[in-house]
Amino acid sequence: MKLYFAPNSRAVRIAWLLEELGLEYELEKYTVGDRALRTPEYYKIHPMGRIPVLEDGGTRIYESGAIVQYLLARHGNGKFMPDVNDPSFPEYLQWLHYAEGSIMGQVNILVVETILLPPEKRNDVNVNRALKLLRVALGNVNNRLQDREYLTGTFSGADIMTGHACFGAMKAGAEIDDYEHLNAYINRLLKRPALEKARSL
Ligand SMILES: N[C@@H](CCC(=O)N[C@@H](CS)C(=O)NCC(=O)O)C(=O)O
């Protein structure tokens with residue numbers, strides 16, 4: 001398998017899962033904002049010039065959530081996701097997709113408004129709105145974790161997606177100091193050797 005990867009990006013999610021599953025993979029490494037992602041050659045790999053992309057034999061797939069679902073369905077041997085007939089399956093899907101659906105949009109706004117834009121173009125209204133929406137989205141995760149270690153009980157693909165998004169939100173400046181269950185959860189995830197490895201690539 002080949003993973004189109006950049007450090008400190010959503011591609012870490014996929015390397016993390018590949019490590020958790022003990023699957024062999026090679027990396028094609030970029031950096032976020034790399035000009036090489038904006039070339040006609042790379043647009044053939046990902047039409048918007050993004051990472052991650054996974055190649056597996058003749059299959060090529062992008063969107064980190066879809067890649068996690070793909071890897072677990074094709075190569076997971078039942079690990080890290082409930083069976084489709086298990087009562088927890090809908091909740092698993094909900095928390096798997098929560099990352100991109102309810103967290104990362106606001107994280108993107110924070111990154112643009114606090115890092116990428118030059119100071120004279122930054123907009124406090126956008127920043128404050130993103131922070132407010134993240135308080136709500138991450139508060140929901142914090143509540144979810146008050147009586148469980150992982151989002152659907154045992155560690156799953158949902159933790160790779162939404163756990164990583166929570167970590168990204170924290171790094172982007174989301175206010176979570178008082179969310180004790182969420183902080184404990186992020187620290188629990190950061191201690192997993194597979195994530196440590198993925199973050200060191
Ligand atoms: N929803 C997509 C988002 C992909 C995305 O925006 N990736 C960012 C990195 S986290 C990227 O490729 N940035 C590189 C760039 O824009 O230069 C996913 O989950 O895979």
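Domain bounds in these legends come from an automatic or database domain assignment. The model is predicted: local features need pLDDT of at least 70, side-chain atom pairs count only at pLDDT 80 or more, and totals for chains, interfaces and linings use all residues. Residue numbering starts from 1 along each chain as its sequence is written.

View 1. Contact (C-beta atoms, placed from the backbone, within 7 Å) links twelve residues of domain 1 with 13 residues of domain 2. On the domain 1 side, α1 (11-21) and α3 (64-75) each give two or more residues, and α1 gives the most, with seven. Helices are DSSP runs of H or I with at least four residues, strands are E runs with at least two, and both are numbered from the N terminus.

**View 2. The parallel pair β1 and β2.** Strands β1 (residues 2-5) and β2 (residues 26-29) run parallel and are joined by four bridges; pairing requires at least two DSSP bridges. F5 stands opposite K29 in β2.

**View 3. The largest nonpolar core.** Such a core is a set of buried Ala, Val, Leu, Ile, Met, Phe, Trp, Tyr and Cys residues joined through C-beta atoms within 7 Å, where buried denotes 20 or more other C-beta atoms within 10 Å of the residue's own. Among its 50 residues, A11, A15, I103, L138 and A169 touch the most other members. Helix α4 (residues 89-116) supplies the largest share, nine residues, and each of domain 1 and domain 2 contributes at least three.

Conventions. Contact = placed C-beta atoms within 7 Å. Buried ≥ 20, exposed ≤ 12 C-beta atoms within 10 Å, placed from the backbone.
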